[in-house]
Amino acid sequence: MQSAPILSIQNIDVFHDTFQALWKVSLEVRAGESCALIGANMAGKSTLLDTINGVLHPTTGNITFLGQEISRLDPFEIVDMGITQVPEGRHLFPEMTVLDNLIMGSYTPNARRHKDKNLQRVFELFPKLKDRQNQVAKTMSGGEQQMVAVGRGLMANPTLIMIDEMSLGLAPIIVDEIFRTLQKIKAQGVTVLFVEQNVVKTLKEADRAYIIETGRISLTGTASELRDNEDVRKAYFGI
Amino acid sequence: MGSGELLTPILMGVMLGGLYALSALGLSMVFGVMRLINLAHGDLVVLASYASYAVMTLLGINPILGLLITVPFMFILGILIQKYLMSKAVTIGTEAPLIIAFGLSLVIQNANQIMWSPQSRGINTVYSQASFHLFGRQLPMIYLLDFLGGIVVMLLLHGFLKWTYMGRAISATAQDTRASKLMGINTKRIYYWAFGIAMISAAVAGTFLGMTFPFTPTSGTTFLTIAFGTVIIGGLGSMLGTFLGGIILGLVQTLSAHFFGANTQMLTVYLIILIILAFRPQGLFGR
């Protein structure tokens with residue numbers, strides 16, 4: 001059984017100045033699922049997330065979130081509506097403590113009302129952050145910083161959390177831990193859209209996935225469908 | 001000359017430095033948040049000196065009390081400058097806002113010239129002639145007020161940046177603009193605030209500088225250089241560094257006047273700034 005889409009993208013074109021980064025991209029994210037966006041470097045994954053977030057705007061096409069058209073809105077409006085992004089490379093506030101980074105996550109009016117509840121939730125998810133809350137972010141290891149980044153995203157009280165390349169540059173054991181966290185986030189009812197290059201792992205964890213190649217969605221389906229797809233097997237599993 | 005002789009210029013330098021730090025804070029904040037080198041900063045400080053002069057001569061209000069008028073005036077002016085002159089320019093690169101700031105500097109200088117004539121002015125108050133005693137030295141009261149004014153406003157700003165959502169959002173935008181947008185911070189509005197707050201520091205600095213030294217419509221160049229020097233010595237982004245940078249520049253100025261005569265003091269300041277730029281461009285306390 002399928003739940004209703006909370007995010008629906010129809011035929012968007014997105015440009016970086018004169019360079020077209022996305023071509024007629026359509027995508028749906030359904031309530032409560034974990035959906036993955038798979039693709040190589042420069043395929044347009046981060047561009048797509050930034051467009052959903054309002055950092056970039058499509059020249060054509062529509063983006064609706066919970067039934068409302070959002071493609072012309074600014075990031076601060078979209079974040080307040082319940083879409084948050086954990087950016088690639090984490091982008092923590094380097095000079096701030098862990099706690100201050102988390103508090104910045106609850107900046108929007110909607111998130112501020114739920115700050116205490118969300119802080120408790122983040123500390124339950126990452127007990128380590130509770131112990132380290134007064135540590136300055138830039139002095140932490142990559143894996144710990146990724147936890148802060150995901151935690152900061154959850155502080156925004158999101159309906160949809162988008163996580164960009166969370167495993168990039170991290171040790172495999174930490175990657176496993178973070179993927180487990182993803183399942184916990186999903187279990188709490190937050191819908192997850194995540195971007196990955198690690199195809200094998202992604203198709204194990206996600207409910208559904210989209211494959212994006214040079215700015216176009218080339219394939220979509222449930223994770224098991226994609227695992228069985230011959231082109232995917234050839235391209236990503238080497239068999 | 002005994003070492004006791006040095007105590008007077010050292011005390012005066014430290015006190016003056018507190019005020020220099022405050023004037024540099026505005027320059028540092030606008031650069032930190034928007035990566036904009038506000039070449040008009042010194043002229044805006046002088047504009048605040050004239051505003052306080054006007055408040056005193058036209059309304060007969062003590063300029064320190066008059067800050068209740070000059071501070072909001074400069075704050076609003078800062079927001080208007082950001083909104084109507086800089087807002088578009090800061091999004092397309094660093095050159096355009098730099099040139100706009102330079103143009104603004106010329107406009108303010110010439111406007112002050114027309115309104116107030118090139119003649120030198122001073123904000124003379126009851127404090128101008130007063131003195132106080134510290135470690136057995138008699139020192140001008142105005143230097144103590146400079147220091148207190150600088151410290152109080154810096155501490156208030158520090159508290160604002162650390163303990164309020166808006167203040168934290170300003171720091172966040174300075175540290176990572178992209179992440180700030182993704183946190184739902186309206187960075188455009190943060191830019192207004194940053195410029196407005198920078199102008200609060202300019203308003204207080206301009207008022208006290210105007211009570212300490214005579215000023216003309218072109219004094220902005222000197223004030224800009226002092227603010228630059230303070231930021232260069234202190235390194236960007238650290239309020240403590242800015243504070244120490246201001247004190248070092250204050251000391252350079254008063255000690256140089258003490259040893260080499262009053263007319264060398266600014267030359268020494270410029271030389272020190274150049275030497276530090278050449279050998280430690282990240283600043284003495286910068287990372």
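Which residues does H41(B) touch, not counting residues up to four places away in sequence? Keep that question in mind as you open the model, which is a predicted one.

**Stop 1: a histidine in chain B**

Select H41(B) and show its side chain. You are in helix 2 of chain B, which covers residues 41-59. Now bring up the residues that H41(B) touches: S23(B), G26(B), L27(B), A198(B), M199(B), A202(B), L224(B) and A227(B). Is H41(B) buried or exposed? Its relative accessibility is 1%, so H41(B) counts as buried, the cut-off for that word being under 20%.

**Stop 2**

You will find L277(B) in helix 12 of chain B, residues 265-279. With a relative accessible area of 38%, L277(B) is partly exposed.

**Stop 3: the second largest pocket**

Now look for the second largest pocket, which holds about 670 Å³ of space. To get to its centre, select T91(B), K181(B), T187(B), K188(B) and Y191(B), the closest to that point of the 25 lining residues.

Which helix gives the most to this lining? Colour helix 3 of chain B (67-92): it supplies four residues, the most of any. Other elements that each bring at least two residues include helix 1 (7-34), helix 7 (165-175), helix 8 (177-182) and helix 9 (187-212) of chain B. Chain A takes part as well, through its helix 2 (75-81).

**Stop 4: two loops in chain A**

For the last stop, move to chain A and check some backbone angles. Most residues other than glycine have a negative phi. With that in mind, select D17(A), where phi is near 55°, a positive value. D17(A) sits in the loop between strand 1 (5-16) and strand 2 (19-30) of chain A. Its relative accessible area is 79%, so D17(A) is exposed.

Then select N157(A), which is not a glycine either, yet has a positive phi of about 55°. This residue belongs to the loop between helix 7 (142-154) and strand 7 (160-164) of chain A. Is N157(A) buried or exposed? At 16% relative accessible area, N157(A) is buried, whereas D17(A) is exposed.

Definitions and conventions
Residues are numbered from 1 along each chain as its sequence is written. Chains are lettered from A and ligands numbered from 1 in the order in which they are written. This is a predicted model: local features need pLDDT of at least 70, side-chain atom pairs count only at pLDDT 80 or more; totals for chains, interfaces and linings use all residues. Side-chain values use heavy atoms; hydrogens and water are left out. Buried means under 20% relative accessible area, exposed over 50%, partly exposed in between (1.4 Å probe, protein chains only). Contact means heavy atoms within 4.5 Å. On a 1 Å grid over the protein atoms alone, a cavity is a set of points where a 1.4 Å probe fits but cannot get out, and a pocket is an open set with protein on both sides within 12 Å along at least five of seven lines; lining residues have an atom within 4 Å of a point. Grid points are joined across faces, edges and corners, and a volume is the space filled by probe spheres set on the points.
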